[in-house]
Amino acid sequence: VKRRCMLTADSSLARNGKTSRKTRMNNGFSIIGKPTAMVDAAEKTTGAGKYTDDLSLPGMLVGKILHSPYPHARIKRINASRADKFDGVVAVVVGKDAPNPYGILPVGHDEHALALDKVRYVGDNVACVVAVSDAIAEKAMELVDVEYEVLPAYFDPEESMKAETDLIHDNKPNNLEKDYHHAFGDPDKGFAEADQVLEARFIANEVTHAAMEPHSTLASFEIDPHTGKPGRLTVWSSTQVPYYLQHKLSLVLEMPMQQIRVIKPLVGGGFGGKSEVIPLEIIAAVAARKAKAPVKITYTREEVFWAHRGRPRTIIDLKTGVKKDGSITAVRARVVQDGGAYCSYGVVTILYSGALLGALYDIPNIKYDGYRVLTNKPACGAMRGHGTVNVRFAFESQLDELAAKIGMDPAEIRQRNLLQPPCITVNGLRVQSYGLPECIEKTVERSGWKQRKGKLPKGRGLGIACSHYVSGAANSIIRSDMPHSTVNIKIDRDGGVVVYTGASEIGQGSDTMTAQVAAETLGCSLARVRVIAADTDLTPIDIGSYSSRVTFMAGNATLRAAEDVKKRIAAAAAKKMNCAAEDLVFREDLVSKKGSVAPAVKRDQAEEVEVTQAGASVSGRVEGQILRGSLQQKRKEEGPKEWMTFEEAVVAAIDFHGALTGTGSYAPPQEARGGKHKGGGVGPSPAYSYSAQVAEVSVDEDTGEVTVHKVWAAHDCGRALNPVSVEGQIIGSVWMGMGQALTEEMVWKDGMLMNPGMLEYRSPSSVESPEVEPIIVESIDPEGPFGAKECSEGSLAATIPAIANAIYDAVGVRLHESPFTPERVLAALRAKKNAKVLNLTEGIDPTAPARFREHGGALCFKGKGPERHALDPARRESPASAGGGD
Amino acid sequence: LSLPQFKLLRPRTLAEAVDFLAKHSAGVGASDSSAQSSANIRIIAGGTDLIPSMRQKLFEPDYVLDLRSIAEMRGIKPQPGGGVEIGALTTLSTIEKSQFLRQHYSVLTEAAATVASPVLRNMGTIGGNICLDTRCLWYNQSLTWRKGCGFCIKKDGDLCHVAPGGAKCWAAFSGDTPPALLCLKAEIEIAGPSEVRRIALNDFYTGLGDDYRKLQPNELVTRVFLPAASADYRGVYRKLRVRGSIDYPLAGVAVVIKRSNGHVGDARVAITAVNPAPLLVKGASEMLAGKAVDDALAEAISDLAARTAKPLTTSALTPEYRREMIRVFTKRTVLAAAGN
């Protein structure tokens, strides 16, 4: 199926949209619903496109950040004089150069550009050396003398919660960032009514985004013409949230926002890792101010791991009760998240984990206790499927176990717990469109579930799981009544449409979606539309690309802006055509009276214009202009008609109104903003996407290795505005989920990340990538643009439990800890067979560490490692530092 | 991470290369690890091992000797009297695709085909794979990272994080082709300023993680010889890794078997990635000789292999698991090589 759709995409591309206009597309749309190439595809595939690190300015310097070697230490003294004097170094920036705190959440302003008095994880930012080259900056970095007083550190969240002294942040007792305790319905009564109750602990280990493009920021000040001091600041950055960046820069640099311009060049993937202000973005700006020159900082891959903001290690104690008929009576979850050293999005993450227990199935009683805990590790934040993924793994696994207990098919137990929308869930989430039943039905059908489940050869199995996600948060991080998205449209005299949107294209197709929605609404061809995005000086405010909000919110704003401008065109055109504006139809570059059938000759004329316009040569274009002009002249003479071309209508409108612009904005409706309980603002969304997946796996019972053969993934995206893009997002989600399920894990030892690189942090390679059959389900949301909802996050969460359930089907072991590495699978297999237990924590060498992967473990940092072993003297006298200018 | 500054030397002949080495290598004659790591000159062939290490500042040589223009060190040359000579600069993809090697020394082509990923095999050479630096999670890290852990015996420090309290370095040898070459009784030619010597590959490795090979800073490996007597064995190489591509072996087993009259005439088993050196499994040949391979025999061999292996926490997956996998993979490899 995938291949077939790709072919359609290719062939329609090859035909350049001209012939396809003759074929009426589904549902009466001419642009949306068609597989459409990304508007930036050519730039990216030819290498011509510019990412932040490709940019440079005259006189630009590079910055390198000195990171803490200790997980928890007080900074007693920083002496940068040796580094400052090093030939080629322009400035050394330290914490006191920009001491204002910031953080993505208003409740979590606990970060500084560079450490002021304390470092809180190995990799925390201590100083930044600005120099003329990478090599010089790296060398000079070794000459910054920092004196630390090492403090006890906390690596395990459950241990950290007991801390009374040496707190990570002084204002957070017990190292507890935030805890929430919710009860909806009557959980005790619910469990009493259940026929089967299961309780278990699930652990999902820490994963990170691993986007292709490492973070990069270029900052440059203009000289203020009046004072001669640094004036306006321009920042180019790989970010998902240009407006938040502008806001935080203004806080830290103490500059008004209007003096700061943030531009987002091409971004090579975000997945949440760029959805907040990352230290280098602030540091680059502070450094540029101090060095009085443009400064670029690009993270190494190791620094990307330290900047992190990924999915926290999560401990889930889950209890679920069901009746014999399969209906869920109650759920109780206690969730502890190992949040790392700073708040980041943590408060939101822990709330999503609870809130998204609802809105997938009909659960009458929910009890939730969530703890976001600080530890001495890099800060966790938002990552694709923010907050829902790990809890969903636990829930769907347990639901599978319960189905087995009551002797019900795993697909059927899910069908027995469906919501009846439109409805408001027990925890206050409003659900309108709900494609889950169809998702389950389709995956079951396509995978041959009923015929094949339980009948596969030994070691091979099928598993099913479901998931859902928000289409944007109904409440923005910064509480205000401001619309979440605003879009402006300007149309030129020759019918060129320019859309200005603050939405950030990060590879997900945001610009293409914007162009499609504008073109569909205006009834013009896609080639007329140019999207200018994410430049705070040019584009109206949009809160950014995260929580899968862009299609729903920026899409709706684009739709409204296009309708606004269309109204003006219609008014002018109606006048010319002697009819009411409401009687006009905009479609395929024509404006015609409702019900009038455009005769073939008109079509041909229009076609002719189009063909000439499509000619690439300059002369061709000029001819086209002349032709259009004469055509317009001729038509003017002919008097009112049944139809006009889009350009004629635009010219008429500009003649009539002057400049032709329109604007539209979107704010989620009040009814969708959730319950009144504490923390009730997180979880509500104007619409939810739904997913059901079936995974087919095989397990090697001697080695514990798991192979995923195929995944059938159905996703309810409301309406697929661009089907290839939707399929790409589904396949990508499944693949990323498979990484977390099988191979990806951040491994810690005494606060040191053991695998800070793409060699040891194992994202799946093409060899492991299974066939994914994406199945698009369209539930047509009443509030989405053309009925569309999100499609890029909701599918991920289902993949992990689908694989876990398939492993259970294949070999009968239930895995409670992700990723399902061969050693974990084998240990479970051995335990089941009562065979010799495979001890996973002990090496064979008697002198080896007592515990491998003391991930968290109970050990506090007692100065083992770094302290016992001071900087090697040999290193200090190495040629690198001997060459220093002191 | 930037590359440290160095001068690139590009000899056109082997003699010129040896001269450069003699001129620029410091600490000649010293064999302790500190002298080796601070050696003034490093040799580059494919660069797949050296370049990342230089970025991590594991090596900061003043000179880098680029061998790639030395034509005489390249190519697979079957010898008139049987056997084959393989130039050290022959790429792994050339070996993987060689019809001659596939026909007569299949264990080597199989091992070469599993190294890293296709693009890396296009660059990486057989000489480089033999000389591959030993690896450890506490060693193959950036300078900043290693500062955080307090350095280690292998580089800049005096502590082993894998076996604290010990003075020995346990970094694991993680090449794929050497166990195959050991099974084939390969010899290597080493050129130095005073002599060209030829030694059995089995004598090349020291078994130490830091000073892992017997090669002076002024010497280089030039050729690999596979004897005629090793030709036409059935050979199989299997490796444990998390991903089907890119990954270094976490445990690897090579087996060659020559059958006579339905029984094992001659056989050898070697393992890699679970010790500081690739090792022939002692006693395996004797145990296999003259017998018909069945499950029980394969299991007995796998026990031997597991006893030879000494995996530690130098890489991903737990040592106990990797030891268990040496057992599983040896059994499977022996059975596959026996044609069962």
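Me: Where in chain A does A:Arg309 lie in this predicted model?

Reply: A:Arg309 is found in the loop between α9 (301-307) and β13 (313-322) of chain A, and the model that places it there is a predicted one.

Me: Why does A:Arg309 count as buried?

Reply: The relative accessibility of A:Arg309 is 1%, and buried means under 20%, so A:Arg309 counts as buried.

Me: Which residues does A:Arg309 touch, leaving aside those up to four places away in sequence?

Reply: Its contacts include A:Glu111, A:His209, A:Glu276, A:Ile278 and A:Pro279, and also among them are A:Ser344, A:Ala379, A:Cys380, A:Gly381 and A:Ala382. As for A:Lys96, which is 213 residues apart from A:Arg309 along the chain, the C-alpha atoms of the two are separated by 25 Å.

Me: Turning to chain B, how many helices and strands make up its secondary structure?

Reply: Chain B comes to 13 helices and 12 strands.

Me: What makes chain B as compact as a globular protein of that length?

Reply: The globule rule gives 20 Å for 340 residues, and the radius of gyration of chain B is 20 Å, close to that value, so chain B is as compact as a globular protein of that length. Along the principal axes, its C-alpha atoms fill a box of roughly 60 × 50 × 35 Å.

Notes
Residues are numbered from 1 along each chain as its sequence is written. Chains are lettered from A and ligands numbered from 1 in the order in which they are written. This is a predicted model: local features need pLDDT of at least 70, side-chain atom pairs count only at pLDDT 80 or more; totals for chains, interfaces and linings use all residues. Side-chain values use heavy atoms; hydrogens and water are left out. Helices (H or I, at least four residues) and strands (E, at least two) are DSSP runs, numbered from the N terminus. Buried means under 20% relative accessible area, exposed over 50%, partly exposed in between (1.4 Å probe, protein chains only). Contact means heavy atoms within 4.5 Å. The radius of gyration is taken over C-alpha atoms; the globule rule is 2.2 Å times the number of residues to the power 0.38.
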